[in-house]
Amino acid sequence: MSDERVNDMMAQCGKLLNLKPHRVTTQELVIHAPCDIEVHHGTDGRFYVLDTARVYPPEFPFPL
């Protein structure tokens with residue numbers, strides 16, 4: 001499912017985070033985040049973004 005408002009907001013976020021947009025191979029859809037990110041439209045009218053772990057690179061664990 002595609003929502004143009006969400007696509008525009010994600011494009012703005014991707015630009016701020018310096019993420020390169022890429023085409024989803026199974027569809028003619030360009031996304032600006034990892035393929036497993038989720039955006040939900042809440043009953044309060046807000047958008048909620050989940051599963052953002054792959055937006056940023058992993059950190060090297062510091063020894064204790």
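Student: Which residues make the nonpolar surface patch of about 370 Å²?

Tutor: Keep in mind that this is a predicted model. One member of the patch, L17, is found in the loop between helix 1 (4–16) and strand 1 (22–24). With a relative accessible area of 38%, L17 is partly exposed, and a patch member needs over 30%. The patch of about 370 Å² is made by L16, L17 and Y56.

Student: Which residues form the largest nonpolar core?

Tutor: Members of such a core have to be buried, that is, under 20% relative accessible area, and they are joined through side-chain atoms within 4.5 Å. One of the residues in the largest core is A33, which touches M10 and H22 when residues up to four places away in sequence are not counted. The largest nonpolar core has five residues, namely V6, M10, A33, I37 and V55.

Student: Is V39 buried, partly exposed or exposed, and which residues does V39 touch?

Tutor: V39 is found in strand 3, which covers residues 38–41, and K15, 24 residues apart from V39 in sequence, is 17 Å apart from it in space, C-alpha to C-alpha. Because its relative accessible area is 30%, which lies between the limits of 20% and 50%, V39 is partly exposed. Leaving aside residues up to four places away in sequence, V39 touches V6, M10, F47, Y48 and V49.

Student: How many disulfides does a search of the whole structure find, and why is there no bond from the sulfur of C13?

Tutor: A disulfide requires a pair of cysteine sulfur atoms within 2.5 Å. The closest cysteine sulfur to that of C13 is in C35, and because the distance is 17 Å, the two are too far apart for a bond. As for accessibility, C13 is partly exposed at 39%, whereas C35 counts as exposed at 62%. For the whole structure, the number of disulfides found is zero.

Student: Where is N18, which has a positive phi, found in the chain?

Tutor: The phi of N18 is near 60°, a positive value in a residue other than glycine. N18 is exposed, with a relative accessible area of 70%. Its place is the loop between helix 1 and strand 1.

Student: What is the phi of D51?

Tutor: D51 lies in the segment after strand 4 (47–50), and at 44% relative accessibility D51 counts as partly exposed. Although D51 is not a glycine, its phi is positive, at about 60°.

Conventions:
Residues numbered from 1 in each chain as written. Predicted model: local features only at pLDDT ≥ 70, side-chain atom pairs only at ≥ 80, totals over all residues. Heavy atoms only, no water. Helix = DSSP H or I, 4+ residues; strand = E, 2+ residues; numbered from the N terminus. Buried < 20%, exposed > 50% of the residue type's maximum accessible area, 1.4 Å probe, protein only. Contact = heavy atoms within 4.5 Å. Patch = residues over 30% accessible without salt bridge, like charges linked within 9 Å, V, L, I, M, F, W, Y side chains within 5 Å. Areas by Shrake-Rupley, 256 points an atom, 1.4 Å probe, with all protein chains shown as cover. Salt bridge = Lys/Arg side-chain N within 4 Å of Asp/Glu carboxyl O.
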